[in-house]
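Hi there,

Here is the structure I promised to pass on to you.

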Amino acid sequence: MRYAFVILLFLIFFSTYSQEIIFRSGGRFVLGTDKQRSASIGTGDLDNDGDIDVIVANGRHWPGQNLIFFNNGHSTFTVSKPLDLIEDTSYATEIADLDNDGDLDVAVGNDMAPNIIYLNDGKGNFTRSGSFGADYSPTRNLKIADVDMDGDMDILVTNRGAENEICMNDGKGNFTETFHFGTKDDSTIDVDVADMDGDNDMDLVLANRDGQQNYVYLNNGKMEFTQKIPFGTGSDETRAVAVADFDGDGYLDIATANIDEPNVIYFGSKEFNYERSIVFDTDKSASYSIAVGDLNGNNIPDLVIANVNSFNTVFLSINKGNKWQKIVLGKEKLNTYDIVLADINNDGKPDILESNSDEINKYYINLGPPVKTDN
């Protein structure tokens, strides 16, 4: 009787805290066959045909060809073309309707070269329309958001070792006015935008490298980010951040992807001090990117981590972010600079796309839990 009770407890624990989910990849689930220095991926319906297309930013420190991949509606990308005839040192790309004409445009961030806007004609044909931010900055990442909440999309530029920028949209896709955030010495690699303190304006969450303190910069409602709240140890090598309410308490939390140290979630609270934390990834890998989304359909945010010279990983949230189940993606140790979630096959589940340096860019179709049978 005692042993039966122990087995019952084990089964209850296993069913509560263990989950299964299948990610399918293969030789057709790739973005071309070239091995370039890919640094970033942007996703969206670029040709307005109802499925998700992809832009890959290539080059990093060296000029490379940025590419568009068009979804054929059957989960594969069988048509591609260059975004531009010019090759850039591209580190980042983001997709949004920048000129408010109803189609998706493209912003590209380049290292020590002008950052470029590409406007869409509505059919996936792009015209180089202008630049944004400082012309020759060490840009590492972009974030598109309506920071001033005026109804158009602005662009945040993170510059490693230089001042970060918020490039304000005039509503027509022109970015002539620029605000700065952080300090001139910041080694900021990533930024997320969210209302962290619940006062109905957009705040900034910074990921800093080179042993610098990570901060939340609070907006005073006038696009002034003078009040800052630290999170982390103060000497982390943080490459990326993602914001979500992981524990469901109504306060936004911060997940970090770190280099050569564990990855950590810092929980928000009414005190906004981010003192409570949990290590969700104990590996001390070089984590370069993080994505958040509901991968298993339980309305709780999960996490995906991109690693360099290691396996990429999925972390499924269990018990409101207090426990996490790890799933390894693929069978190769890659140098993945960016990882994103998008519904490639229109089945309502987010799939995973990798931007790999010196390796083929791959993606994984989310098949959900395995089908149960009576056998």
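Let me start with Ser38, which counts as buried because its relative accessibility is 1%, and the cut-off for that class is under 20%. Please keep in mind that this is a predicted model.

Ser38 belongs to strand β2, which covers residues 36-44. Its side chain makes a polar contact with the side chain of Asn58, at 2.5 Å. Which residues is Ser38 in contact with, once its neighbours within four places in sequence are left aside? They are Val56, Ala57 and Asn58, then Tyr337, and finally Ser355, Asn356, Ser357 and Asn361.

The largest pocket holds about 680 Å³ of space. It is lined by 34 residues, and those closest to its centre are Glu94, Lys143, Ile290, Asp338 and Val340. By class, the lining is made up of 21 nonpolar, seven charged and six polar residues. Which strands each supply at least two residues of that lining? The answer is β2, β6, β10 (139-145), β14 (188-194), β18 (238-244), β22 (286-293) and β24 (323-342).

Where do they sit? Asn100 is placed in the loop between β6 (90-96) and β7 (105-110), whereas Asn309 is in strand β23, residues 302-318. As for accessibility, Asn100 is partly exposed, with a relative accessible area of 43%. Asn309 is exposed, because its relative accessible area is 58% and the cut-off for exposed is over 50%.

Strand β23 also holds Leu316. Is Leu316 buried or exposed? At 0% relative accessibility, Leu316 counts as buried, while Asn309 in that strand is exposed. One distance to go with it: Leu316 and Gly109 are 31 Å apart in space, C-alpha to C-alpha, and 207 residues apart in sequence.

Happy exploring, and do write back with any thoughts.

Best wishes

Definitions and conventions
Residues numbered from 1 in each chain as written. Predicted model: local features only at pLDDT ≥ 70, side-chain atom pairs only at ≥ 80, totals over all residues. Heavy atoms only, no water. Helix = DSSP H or I, 4+ residues; strand = E, 2+ residues; numbered from the N terminus. Buried < 20%, exposed > 50% of the residue type's maximum accessible area, 1.4 Å probe, protein only. Polar contact = N/O pair within 3.5 Å; in protein donor to acceptor, adjacent residues only side chain to side chain. Contact = heavy atoms within 4.5 Å. 1 Å grid on protein atoms, 1.4 Å probe; cavity = no way out; pocket = protein on both sides within 12 Å on 5 of 7 lines; lining within 4 Å. Points joined across faces, edges and corners; volume = space filled by probe spheres on them. Nonpolar A, V, L, I, M, F, W, Y, C, P; charged D, E, K, R; others polar.
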